[in-house]
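Work through the exercises below with the sequence and the model side by side. Try each task before you read its solution.

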Amino acid sequence: MADKLRTTQQLEALQNKYIGTGHADTTKFEWTSNIARDSYASYVGHPPLLQYMSLALGDASREETRVRCIEGMVRPVGPPPEVQD
Amino acid sequence: MSDGMSSSHAEAPAKKVPNASLTADFETIKRLQQERNAAGKKGSKTFDPSTQRTNNSTKASLTEAFDTELYGNGAVDKYAGYNTSIAVNDDDDQDMDDADGDDGRRLVGQYTATKEQMNEYAHGDTAEEDILLGREKQAQIASRESDYQKKRFNRALSPTRADAFGDAKNGQSFKEIMQARELDREEERVRKLIEDKQAKGEDMDGVEEHKPTLAIEDGQTNGDGAVQPPAGRQRKRRWDVSSETPATNGAADGEKPKRSRWDEAAGPDGAAADSAPKKRSRWDLAPSLGGATPAAGAGLATPMHPSQSSGAFGFGTDISGRNAPLSDEELDEMLPGEAEGYKILPFPPGYEPTRAPAHRVAQTPASLAGGFMMQQPVDPRSMGKDLPSELPGVGELRLKPEDMAYFGKLVDGADENEMSVDELKERKIMRLLIKVKNGTPPMRKTALRQLTDNARTFGAGPLFDQILPLLMEKTLEDQERHLLVKVIDRILYKLDDLVRPYTHKILVVIEPLLIDQDYYARVEGREIISNLAKAAGLAHMISTMRPDIDHADEYVRNTTARAFAVVASALGIPALLPFLRAVCRSKKSWQARHTGVKIVQQIPILMGCAVLPHLKGLVDCIGQNLNDEQTKVRTVTALAIAALAEAASPYGIESFEDILNNLWSGARKQRGKGLAGFLKAVGYVVPLMDEEFANYYVSQIMEILLREFSSPDEEMKKVVLKVLSQCANTNGVTAGYLKETVLDDFFKSFWVRRMALDKRNYMQVVETTCDLGRKVGCGEIVERIVGNLKDESEAYRKMTMETIEKTIATLGAADIGERLEERLVDGILFAFQEQSVEDIIMLNGFGTIVNALDTRCKIYLPQICSTILWRLNNKSATVRQQAADLISRIAVVMKHCGEDALMGKLGVVLYEYLGEEYPEVLGSILGALRSIVTVVGINQMQPPIKDLLPRLTPILRNRHEKVQENTIDLVGRIADRGPESINAREWMRICFELLDMLKAHKKGIRRAANNTFGFIAKAIGPQDVLATLLNNLRVQERQSRVCTAVAIGIVAETCAPFTVLPALMNEYRVPELNVQNGVLKSLSFLFEYIGEMAKDYVYAVTPLLEDALIDRDQVHRQTAASVVKHVALGVVGLGCEDAMLHLLNLLYPNIFETSPHVIDRMIEAIDAVRVAVGTGVVMNYVWAGLFHPARKVRVPYWRLYNDAYVQSADAMVPYYPDLEGDMLKRDELMAFF
C-alpha cells in the first residue's frame, strides 16, 4: 500500500519535471501531441538538421522553418477530443 | 604537583639529552616493560614472559599446570607487583597513595570540600528530580520554560476584532482597543505608584534615619496641596514605569494614589464607572486574574477556561476540587441509603443538571498563593472510571485529565438529534480536534484532512474558539502543540481573509513560539505568522498589532516586535518601512520607539543578507534613536545597528555613513550596558569600512576599549574582546599600532588565570589572541605567553597551549627565534607531562608545534622521545594512549630530522607493547607503528617485518573497531609495500583472518580488508587467495558473502580478469544456490570494476548469463540482470551489440516481475542495454505495449518509456512510430533533398 503510494508520488514528481512522460492512462491525443511537440523542439534544437529541412521543404530561410516549427507546437494534432459524458 | 619535577624542568630549558643517557632510558624502559608485561598478566597461560609471545593454541598444555593463577608457571614471581612486607608504622601508608607520582611528602595540606558543598545537589532547589515524577512533566512545554517565557500565561485571548475591510460591525474596533490599552497603561502606572508608596510607607514605619527628610519636604512644598510623588522615588523607578509621571499633576492625578473603592463611582465621567482602572486591593484580585491584557470574562468571545485562570497560581494551590459538587458515589457513601428507609428521588421533570465545567464562566479560585494548604497532586475524581478512554464517535484514545475540560461535552450522552446545526458543528470539530491531538497517526491524518477540507464550512469562529484555548493549556506537550499549530497552518490557507477577526487571538497564542528555546518551534511560529500576514494583509496586521507596540508589559512588546519582523519578511520590508519610521519617531511613548527599533533589530536577524537592498531605509529609520533620551532605546538602537551591519557584511558601509558620528560620539558618552551596545555596533561596523576609515575610526574607539579592559563586568569583557578581534581583523589596522597601543594592556588584563576558568571567556580570549596574532605575528604572541605553559594552573596552561597551537597552525613557526624556540619546547614538554587529565588539546598542541618547527626539533627529539618512552610505560591507560598518539603525530618530523635509529628504538618498544590489553591504547600503538612504517619504509623497519607481522595476525581477531582499523591498515600497508618479507603461507593465514573482517560494522574496515585482499593476491598470486574466497561463498552469512564477492572483484581487477574468471565460472557449476548467486554477484562487481576490459570477456560469460537469466529463482535472475547492466555499460561503443541484444531478449520477459528489487534491477539492466545498443532498437520493444488493452501490461511499458524519455528524449524523435492520420504525419522527417 505504502509502496503504491510512493510510486504514484514519484510518478507525479516525474511528470512535473518532464511533461512528456506518460502513464498507463495516457490517451492517444496526449501522447501524439507530445510526440509532435518533442519532434519540433528537436528540429529547432539541431540547427544543421533545421537547415537541411528548410532546403528540402523549399522554405525561404531557416528562420522561416524555425518559426513554423514553433507555431506548429500549438495544438499540433488538432483540437482535443470531445469529452464524453 | 611535584616540586622536584617541575623545578628540574623549569630551570633547565630543554636540555639536550646525550644519546648515551637515552640508550640507558631505553634499557630501563625495556626492563620495566618486561616486568610490567609479566606482572600485568599474572603469568596467565596465554603469555610466556621469556618470549613475550602470546600462546595462540587453544589446547591445554600437557607440561604446564592448568591453573596458573594458583600454581604459577615458575618463570615469574607471582608476588611481583605486591608488597612483600607490611610497614610497621602507619606513616608509610601515606606514601602508597601517590606512589606512582612522586614520593616526597606534601608540604601543603590537602583540603577537601565541605559536606555542604558535596551534598549541594542532594536537597533543596538544586536537588535532582525524581526521574519517574519528572518524566511526565518534562514532556510539558511549560515545565522547561523560563519565568520570562511563562509570562505568556498572563496574556488572555483578546476579544474578537472587527474586520475593517469586511464586516466592521462585530467585535472591537481599533479605536476601542487603543482606548483600552490607554487604560491599561494608566492602571499599571497607578499600581506602580501605589506599590512604591506602600514600600515607602513601611519604610517610614521602621527605622527613622532612613527617611530622606529633605526630599519629602521638597515634594510637599512644591505641590499645590496634592500629594506629590516623593522625590526619593525617582531613583527607584523602574524603566517600565511611564516617564511622564512626574510631569502630570493637578487635581485628577492628585487623587489617584489614594483612590479608594468609594471614590470609584464618582469618576470624571460616566464611562469610567464600569471600565475605569480599579485599584486592586488584595481582596478583589480574585475575579479578574487577567494580568496585562484585559482579562477574563468581560466580552470574551472565547470563554476563558477555568484551568487557565485557576492554573495561573501554580501547582497544588488549586483547592477548587474541594469545593466542587459531590458526586453521586460520594453522596451514597455519606447519606443513609434505602436500607435505613431512605430513598433517592428522581429528578423532577424539566430539571437539567449543570454538567461539564466547560460551561461555567471563570470560577473564583478559592485561594491565592497565601495560606496553608494540602498538596493535592491528583484530583480524586479524575482517577478511575470517570476518565473514559473511549469517546463516542471517536474511538479509543489516550486522554489526559485536562482534556476532559475541553472535550467533556463529547461524553455527556446528549441526544444529537435534538441539537442545532451549530451545536452539531461544534461537536464535530471537537471530535476531529481530539483525534488530531491524541489520536494515532492514521486517525490524525484523516481528521486533519477533514478539518482542512471543511474549514470554510465550519467557519473561522467555531474553529479558533476551540483550537486557541487548547493551545493556552498549561499542560500542553510538544507533540500536541506541534499538531495544533499544524492544524492552524492548514486552515489558515483555506480560510484566507476570514481569519481577520481572529488575527490577534492567533498572534497571542503563536507569538510565544517565537521565543521558544526549540529551533523548530521558532520556525513553526514564523511560518504561521507569515501565512497569517499573507492571509490578513498588511493593513490589517498593522492595525491589529499596533496597540501592542506600546503595551505596558515588556513581554508583550518583545514578542510583538519579533512577530512584526516576521511580517516584514513575509510581506516585504519596503511595505513596512513607512510604519516603522513612524513608530521609531513616536513622540508619545518611548516604549513605542523601543519596540520599533527592536523590530528593525529583528529583521536582519531573521533575513540575513536579504536586508541589503533596504539597508539605507532601515538605518535611516532608527538613526536618530541613537540620541534618544531613554537609555534603553539608545542601547537597543546600537544593538539593531550591530545586527544590521552583521547581516550586511561586507557591504553597505555607505548606508551607515550618516550615523557614524553619532555612533562614535555616543560611545564616548555612554557608560555601562549602554556602552556595551555601542561598542558592539562599532565592532560590527568597522569591518565594513575601507582601510583608511577603519584605521581612523579604530584609533578613535581604542581608548574606550583600553579603558574598558579593566571593567569588572563579564558582559562588557566579552564585548570588548569581540570588538578587539573585529578591529584586529580589519585591513586598516596595522601591526605597529596594535603592538604599540594594545598588546601590553591586553595581555595584562586578559591573560590572567581567572579567564581560563570560565569556558566562554576562555574561548573568546583564545580567539581574540589568535586574531591579534594574525596581525602582529606569531613570535610576538608566543613570546608573551610562552611562560604560561609552566603556570601552576592547568586550565591556564591549556588556554596557552591552545592559543599557541592555533597561532602556529595559521602562521607557521618561522617567526620564532632560537631562544624562544627553546623556551617553547621546554614549555610544551612541561605542560604535556604535567597534565592531570589527558587532553586532546595538549596532544594537538604538541603535534602542531613539533611539526611546525620540523628540522629545528632535532636537538630536542631525544628529550621528547624520552618523555614519550616514560609515558608509554605509565600505569594509566590514557597516558599510554596519548604517548602512542604523539608518536604518530611526530613520526614525520623524526624522519625529517634523520632520527631513523631513534624511530627504530621506538618501534621496538611499541612492538613490545602489542600485548596491551586496553583496546583503545592498543589501537593507538598500532597507529604509531603504522606511521613509523610509513616514514621509514618496509626495509628499514625495526623490528623487522618478518617479526612484526606474525604478532599482528592474532590481533586481527580483536573485535574492537579502533584496533581492527589500525591493524588492517598496517597489514595492508605491509602487503602493499613489502609483501616479499613474509612467506606465502603467512599471507594465506592472514587471508583467513581477513575474511572475518568482511563482517565488520564499519565500512572503512571492510573496505580496507577488501583492498588488502587485492594486495595479497598480487603478492602471492591469485590462485590461493581465490580458492579461499570461493570457499567463503558457501558460508551462511549474507554480509560475508557479499563482501567476498567484492573481494573477488578486487582480486580480478588487480590480477587481470583472466586469472579469475575461469575459476569463477567453474564455481558456477556447483549446484548450490548460494554459491551460484555469489558467483553472479562477484561477476557483477568484477565487471563494475574492470569497465572497458569487459569487451574481451563478454562472449565468454554470455552462456553463463543466458543460463542465469532463465533460471526459476528470481533472485538469480535479479543478480544476473545486474551483471548484464555492468557488462553493458562497460562495452558501450565497443562492438558487442549482438551479445547485448541477445541478453536483452532474455531480460525482456522479466519486466512483469512485481517484487520491487527484482523489477528495479531489470529496468536498470534494460536501461543499460539501451545505452549500449542504442535507443531506437530498444524502443521497438516498447511501442508494442504502451497502449495494450491490459493495464498490467501498460504499466511496466510506460515505466520503460518514461525512463527512456528522461534519459534520451532527443534520440527517440526519429524512432517514433509512423502514425496514421492527417495531423499525425511528421512530414519534415520525410523530406529528402
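Predicted model: local features only at pLDDT ≥ 70, side-chain atom pairs only at ≥ 80, totals over all residues.

Residues are numbered from 1 along each chain as its sequence is written, while chains are lettered from A and ligands numbered from 1 in the order in which they are written.

**Exercise 1. Confidence**

Task: State the mean pLDDT of chain B and find stretches where the pLDDT is below 50.

Solution: 
- Step one is the term: pLDDT is the predictor's confidence in each residue, from 0 to 100.
- For chain B the mean is 80, and 76% of its residues reach 70 or more.
- Residues 203–238 of chain B have a pLDDT below 50, and beyond near neighbours in sequence this stretch has 25 contacts in the model. Two residues are in contact if their C-beta atoms, placed from the backbone, lie within 7 Å.
- Residues 284–318 of chain B are also below 50, with 81 contacts beyond near neighbours in sequence.
- For the complex, the predictor gives an ipTM of 0.95 and a pTM of 0.62.

**Exercise 2. Chain A**

Task: Describe the secondary structure of chain A and give its share of buried residues.

Solution: 
- Helices (H or I, at least four residues) and strands (E, at least two) are DSSP runs, numbered from the N terminus.
- Chain A has four helices and zero strands, in the order α-α-α-α from the N terminus.
- A residue is buried if 20 or more other C-beta atoms lie within 10 Å of its own, exposed if 12 or fewer, and partly exposed in between; C-beta atoms are placed from the backbone.
- Of the 85 residues in chain A, 19% are buried.
- Taking contacts in chain A between residues at least 6 apart in sequence, 42% join residues at least 24 apart.

**Exercise 3. A helix with a bend**

Task: Find the span of helix H32 of chain B, where it bends and which of its residues are buried.

Solution: 
- H32(B) covers residues 691–708, 18 residues in total, and reaches 25 Å from its first C-alpha to its last.
- The bend, about 35°, is at Ile701(B). It is the angle between axes fitted to the seven residues ending at a residue and the seven starting there.
- Ala694(B), Tyr697(B), Val698(B), Ile701(B) and Leu705(B) are buried in H32(B).
- An α-helix has 3.6 residues a turn, so residues three or four places apart point the same way.
- The cover over the buried residues of H32(B) includes H30, helix H31 (672–685) and helix H33 (714–729) of chain B.

**Exercise 4. Loops**

Task: Locate the cis peptide bond at Pro650(B) and describe Asp496(B), a residue with positive phi.

Solution: 
- The bond from Ser649(B) to Pro650(B) is cis, with omega near 5°. Pro650(B) sits in the loop between H29 and helix H30 (653–669) of chain B.
- Asp496(B) is not a glycine, yet its phi is near 50°. Asp496(B) lies in the loop between helix H21 (478–495) and helix H22 (503–514) of chain B.
- Asp496(B) counts as partly exposed because it has 14 C-beta neighbours inside 10 Å.

Conventions: Expected span 1.5 Å × (residues − 1).
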